[in-house]
Amino acid sequence: SKDGRRLYCATARQLLKAWDLEWSDDGALESAIVAAAQKAHSGPIRDVDVDASGALVATASSDGSARVFDARKKLRPTHRLKPPGGGVVELARHHPDPAALHLATARGLEAHVW
């Protein structure tokens, strides 16, 4: 997350995990606790992005889709986006303005804005 208190990662088993992090005053990591885990895709996850508000997490996958999860609700899935034509979705990026609610995905030389 933008504030450094939560880390999102993808696993080899297509899980999206959220880790709550606690830091000491000197900047050392004191603890990391799994806050949530969600089966995200049926193929390898290629990219993970958090929106500016920290509320939404997007993933891009080799299964040909991008997904959006609600970070406030234990990574509950909210949207599944599948660009036309199939193929690997390599990148997912949120618009920097959280009020815009735009997500861009990329596949090869194509970009899609949702």
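Is Asp-70 buried or exposed? In this predicted model, Asp-70 has a relative accessibility of 4%, so it counts as buried. Its side chain meets that of Arg-72 in a salt bridge, with N to O at 3.0 Å. Arg-72, at 62% relative accessibility, counts as exposed.

A search of the whole structure gives three salt bridges. One of them joins the side chains of Asp-20 and Arg-6 at 2.8 Å, N to O. Asp-20 belongs to strand β2 and Arg-6 to strand β1 (residues 6-10), so this pair ties together parts 14 residues apart in sequence. Asp-20 is partly exposed, at 32% relative accessibility.

Arg-93 and Asp-47 also form a salt bridge, their closest N and O atoms being 2.5 Å apart. Because Arg-93 lies in strand β8 (residues 91-94) and Asp-47 in strand β4, the pair ties together parts that are 46 residues apart in sequence. Arg-93 is partly exposed at 37%, while Asp-47 counts as buried at 13%.

Asp-47 is also among the contacts of Thr-59, as is Leu-16. Thr-59 sits in strand β5 (residues 56-61) and is buried, with 0% relative accessibility. The side chain of Thr-59 makes a polar contact of 2.6 Å with the side chain of His-41.

In soluble globular proteins, nonpolar side chains tend to be buried together.

Conventions: Residues are numbered from 1 along each chain as its sequence is written. This is a predicted model: local features need pLDDT of at least 70, side-chain atom pairs count only at pLDDT 80 or more; totals for chains, interfaces and linings use all residues. Side-chain values use heavy atoms; hydrogens and water are left out. Helices (H or I, at least four residues) and strands (E, at least two) are DSSP runs, numbered from the N terminus. Buried means under 20% relative accessible area, exposed over 50%, partly exposed in between (1.4 Å probe, protein chains only). A polar contact is a pair of N or O atoms within 3.5 Å; within protein, one must be able to donate a hydrogen and the other to accept it, and residues adjacent in sequence count only if both atoms are side-chain atoms. Contact means heavy atoms within 4.5 Å. A salt bridge is a side-chain nitrogen of Lys or Arg within 4 Å of a carboxyl oxygen of Asp or Glu. Lists of a residue's contacts leave out its neighbours within four places in sequence.
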